[in-house]
Amino acid sequence: MVTLGEHGGTRILAGCTLLVGRPSASTPNHGDFELYMSASPLSGPRFDLGGRESIESTSVMIGAAPSSFNNVDEVESTVQVAHDPNENTDVEHPPQPLDVKVVESYICRTLRQSGYINPEELCIVKGKAAWRIRITVHILNCEGNVLDGSMLCILAALRDLELPMVEVEEVEGTGSVVRVVTDGAELTRQQQSKKKRQSGKKLTLGAAPISTTLAILPQGSGSEKKNVLVVDPTSFEEDMSYGNSVTVVCNTNGDVVNFSKKGSETKLSVNEMKAVVELGMERARKLDPLVIGS
Amino acid sequence: MSYPRPSHRSPSTLRPLSAELSPLHQADGSASLKVGNTHIMVAIYGPVAPRISHRERIDRGLVSVVFSKGVMMAGSGGGVSSDGKDNGECMKPLATPMPSGGGASERELESFVCDALSSCIMLERYPRCVIQVVIQIVQADGSVLGTAVNCAEMALVDAGVAMKGLPVASTCVVVSRQLQNGHAGSIWMDPTAEEESAEGHTIVVLVTEAGSSDDEADKAAEVITSFTSGAPLSMSGLIQCMETTDKFNTAMVAFMRMAVEQKVQKEVETLWS
């Protein structure tokens with residue numbers, strides 16, 4: 001099923017397909033899911049055919065930079081530094097490109113950790129057949145905060161998913177082969193369109209893991225260094241943060257499913273961490289009814 | 001301590017550390033770090049020109065990380081509790097052991113290490129260059145990601161790359177909620193693979209450095225990058241992990257200093273005698 005997550009410009013498309021596979025020997029009654037995220041030049045001007053975002057050094061933004069190098073002036077004077085370290089507008093700083101594969105791995109891992117999907121529900125025949133949910137996500141328009149948008153989209157898509165009713169047939173000869181006959185597969189097209197498809201089983205899903213991403217914008221220099229955190233950053237805000245962001249995934253049970261701070265220019269203090277987690281909890285409470293309701 | 005750790009240590013005891021600098025002679029810098037049974041080797045090549053010229057930045061260098069997961073794992077994650085009796089108090093390991101790196105793809109781990117290292121290297125000294133960091137897991141027995149970051153830093157020191165600090169990656173496990181009730185000390189530092197894989201536990205890796213405020217008393221650790229995996233945890237668990245990083249940091253930095261001093265002494269004896 002198709003779901004669009006509209007996100008103040010960022011548009012994500014997610015769909016779920018079902019495949020049948022053999023469960024692994026160590027977990028005979030578990031199904032599995034896999035996630036594929038992709039981007040294309042459709043997503044934005046910086047994306048190439050392979051879905052990779054690239055920042056050309058010629059398109060660098062000048063005059064907007066953090067001065068995180070506050071001890072450069074203590075370096076021995078023989079080093080020719082091209083700018084005056086006391087001014088904070090001299091260093092050119094290209095933004096950090098989005099790596100779709102990193103986001104994909106992060107979301108897949110978080111979904112597994114959160115217990116949103118119960119793998120035992122995906123079992124068809126213990127030890128022989130189980131469902132594999134293939135979730136595909138495509139970024140239609142990338143205007144910042146792809147992570148949050150994709151996460152919501154996937155949660156909604158999974159809630160929309162129905163496992164079809166199946167019959168299992170044993171095939172003689174090669175005893176271990178199992179053929180799954182899905183409902184309505186034998187009908188002709190005409191019959192299919194007339195007959196209302198028997199509704200499948202929806203997944204019973206756990207507490208939805210809602211992610212909240214904040215971009216960290218470094219401000220000031222030296223002892224007055226402060227971070228400004230902005231929730232749900234747009235593309236411009238993400239560029240200004242040079243890849244510094246913090247993502248917290250919370251659910252309505254009050255759990256922190258994942259906490260991840262990325263980026264090398266800024267540091268997060270304990271108080272900031274607490275504030276971010278509290279914000280994440282609040283967001284989970286607000287967005288959970290949306291995900292359930294869809 | 002009413003609740004025993006499978007590795008029979010107290011919650012804040014680290015495993016024995018051992019390091020060797022420059023084990024690889026062809027690389028510009030290299031280090032091999034052993035934390036208990038976890039053995040990581042890192043080689044540094046750089047600064048070199050990037051292979052893809054449009055990747056280079058005109059004002060600063062780039063860190064490129066290659067993370068290689070090995071095949072050998074010490075210990076087994078699936079099995080009974082270490083003291084043999086299952087009196088219900090011991091934790092139940094997962095049927096499948098958690099893969100090193102908490103189920104993250106190599107790309108995600110590379111991005112994590114890249115962020116951690118970029119924060120401490122003076123990249124503005126190496127414009128248009130790439131510092132390539134190659135991490136190889138020789139043996140994995142828990143705390144793989146944190147050890148990889150620490151080992152990479154030692155290799156950078158060995159290579160003579162200009163650095164502005166030594167942030168340390170500390171790994172700890174937040175014990176699962178059911179087992180936490182009534183037991184003091186719910187954070188285990190430097191976990192083994194068995195401790196990481198157990199059901200309901202969360203692994204938290206934090207790369208921290210002392211805060212940059214001028215007030216000495218206020219120099220609390222601040223997080224540069226973080227990585228969590230495993231079961232969901234509570235906010236208080238997460239904050240507690242931050243508090244354990246101080247001890248880990250001082251121990252690790254002291255150890256790194258010792259390793260470098262040993263190497264320099266050895267060089268003085270063999271090369272300059």
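**B:Q240.** I looked up B:Q240 and found it in helix α5 of chain B; helices here are DSSP runs of H or I with at least four residues, strands are runs of E with at least two, and both are numbered from the N terminus. B:Q240 is partly exposed, at a relative accessible area of 33%. My cut-offs are under 20% for buried, over 50% for exposed, and partly exposed in between, with a 1.4 Å probe and protein chains only. Which residues does B:Q240 touch, leaving aside neighbours within four places in sequence? I get B:S186 and B:I187, where contact means heavy atoms within 4.5 Å.

**Ground rules.** This is a predicted model, so I note that local features need pLDDT of at least 70 and side-chain atom pairs count only at pLDDT 80 or more, while totals for chains, interfaces and linings use all residues. Residues are numbered from 1 along each chain as its sequence is written, chains are lettered from A and ligands numbered from 1 in the order written, and side-chain values use heavy atoms, leaving out hydrogens and water.

**Chain B overall.** Chain B has five helices and nine strands, running β-β-β-β-α-β-α-β-α-β-α-β-β-α along the sequence. Of its 273 residues, 54% count as buried. Taking contacts between residues at least 6 apart in sequence, 74% of those in chain B join residues at least 24 apart. The accessible surface of chain B is about 11700 Å², with 53% of that belonging to carbon and sulfur atoms. Areas come from the Shrake-Rupley method with a 1.4 Å probe, and for residues only the protein chains shown count as cover.

**A greasy spot on B.** B:V264, B:V268, B:L271 and B:W272 make a nonpolar surface patch of about 450 Å². The patch rule takes residues with over 30% relative accessible area and no salt bridge, joining like charges within 9 Å and nonpolar side chains (Val, Leu, Ile, Met, Phe, Trp, Tyr) within 5 Å. B:W272 sits in the segment after α5 (235–271) of chain B. Is B:W272 buried or exposed? It is exposed, with a relative accessible area of 67%.

**Cis peptide.** B:G46 and B:P47 are joined by a cis peptide bond, omega about -10°. B:P47 belongs to strand β3 (residues 38–48) of chain B.

**Salt bridges.** I count a salt bridge when a side-chain nitrogen of Lys or Arg is within 4 Å of a carboxyl oxygen of Asp or Glu. I picked out a few in chain A.

- A:R112 pairs with A:D32 at 2.8 Å, N to O. The pair links distant parts of the chain, with A:R112 in helix α1 (residues 100–114) and A:D32 in strand β3 (residues 32–38), 80 residues apart. A:R112 is partly exposed at 44% relative accessibility, and A:D32 is partly exposed at 25%.
- A:R112 and A:D32 also belong to a salt-bridge network with A:E34, A:R132 and A:R134.
- A:K101 and A:E104 come to 3.1 Å between their closest N and O atoms. They are about one helical turn apart because three residues separate them in helix α1 of chain A. A:K101 is partly exposed at 35%, whereas A:E104 is buried at 14%.
- A:E282 and A:K286 bridge at 3.5 Å, N to O. These two are four residues apart in helix α5 (residues 270–293) of chain A, so about one helical turn separates them. A:K286 is exposed at 57%, and A:E282 is partly exposed at 38%.

**Positive phi in chain A.** A:D232 is not a glycine, yet its phi is near 55°. A:D232 lies in the loop between β11 (226–231) and α4 (235–240) and is partly exposed at 28%. A:Y242 also has a positive phi, about 55°; it falls in the loop between α4 and β12 (245–250) and is buried at 7%.
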